[in-house]
Amino acid sequence: MKTKHLIITLLACCLFTISCKDEEKDSVVPETEKPSEDTPAVKPGDKIGEVNAVQGTVYYNESLRLWFIYVTEKGTIDCTESYFPTNISDDFKIDGLRVIFSGTVYEVDEALMANISQVVSAEYYVLTLSSIEIDK
């Protein structure tokens, strides 16, 4: 009888030890590679025109590893424009930062466009900033 209890106790301890080790493995969050702080080059296509004193919000796209300025058309909720600036200063690389900007607008090159998740009624541009400031 004592032998049965001893064996059952040993088995229970082994199972408990194994299950605790599995929980430890599950609770450890694996390190993921952080995206490079270097922004990939954004190549402008054909010149479209100019924008002047446009209000937008700066965001970072993890999958593209690019900063962009998101603009919604006043009076709508679904007409949007995303501008990928070629020359945004580190001072403005703050996710959610509201800005007012001006600059020259270009078409997005095919290589970048192929990697953008397309959304209906959304337009995408490359932008060379001539000015940018925080929207107060």
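Colleague: Is Tyr 60 buried or exposed?

Modeller: Tyr 60 is buried, at a relative accessible area of 19%. Buried means under 20% relative accessible area, exposed over 50%, and partly exposed in between, with a 1.4 Å probe and protein chains only. This is a predicted model, where local features need pLDDT of at least 70, side-chain atom pairs count only at pLDDT 80 or more, and totals for chains, interfaces and linings use all residues. Residues are numbered from 1 along each chain as its sequence is written, and side-chain values use heavy atoms, with hydrogens and water left out.

Colleague: And Trp 67, buried or exposed?

Modeller: Trp 67 counts as buried because its relative accessibility is 15%.

Colleague: How many aromatic pairs are there?

Modeller: The count comes to six aromatic pairs. Rings of Phe, Tyr and Trp (its six-membered ring) pair if their centres lie within 6.5 Å; planes under 30 degrees apart are stacked, over 60 edge-to-face, and the rest tilted. Tyr 60 and Trp 67 form a tilted pair, with 4.9 Å centre to centre and 55° between the planes.

Colleague: How do Tyr 83 and Tyr 125 pair?

Modeller: Tyr 83 and Tyr 125 are stacked, 5.4 Å centre to centre, with 25° between the planes. That pair links distant parts of the chain: Tyr 83 is in strand β3, Tyr 125 is in strand β5, and they are 42 residues apart. Both Tyr 83 and Tyr 125 are buried.

Colleague: Which residues do ring pairs link into a cluster?

Modeller: Tyr 59, Phe 68, Tyr 70 and Phe 84.

Colleague: Where does Tyr 59 lie, then?

Modeller: Tyr 59 is in strand β1, residues 44-61. Tyr 59 counts as partly exposed because its relative accessibility is 31%. Leaving out residues up to four places away in sequence, Tyr 59 touches Leu 66, Trp 67, Phe 68, Tyr 70, Asp 95 and Gly 96. Contact means heavy atoms within 4.5 Å.

Colleague: New topic. What does β3 pair with?

Modeller: Strand β2 (residues 66-72) pairs with β3 in the antiparallel sense, over four bridges. Thr 72 stands opposite Thr 80 there. Strand β5 (residues 122-134) pairs with β3 in the parallel sense, over six bridges. Pro 85 has Leu 127 in β5 as its bridge partner. Two strands pair if DSSP finds at least two bridges between them.

Colleague: How many residues of β3 are buried?

Modeller: Five of its six; β3 spans residues 80-85 and is mostly covered.

Colleague: Zoom out. How many helices and strands in the protein?

Modeller: Two helices and five strands. The pattern along the sequence is α-β-β-β-β-α-β. Helices (H or I, at least four residues) and strands (E, at least two) are DSSP runs, numbered from the N terminus.

Colleague: Which residues have the most contacts inside the largest nonpolar core?

Modeller: Ile 69, Tyr 83, Val 99, Phe 101, Leu 127 and Ile 132, in a core of 18 residues. β1, β2, β4 (97-108) and β5 each supply at least two residues of this core. A nonpolar core is a set of buried Ala, Val, Leu, Ile, Met, Phe, Trp, Tyr and Cys residues joined through side-chain atoms within 4.5 Å.

Colleague: What is Ile 132 in contact with?

Modeller: Ignoring neighbours within four places in sequence, Ile 132 contacts Ile 69, Ile 88, Phe 92, Val 99, Ile 100 and Phe 101. Another core lies apart from the largest one, with twelve residues, among them Leu 64, Tyr 106, Val 108 and Val 126.
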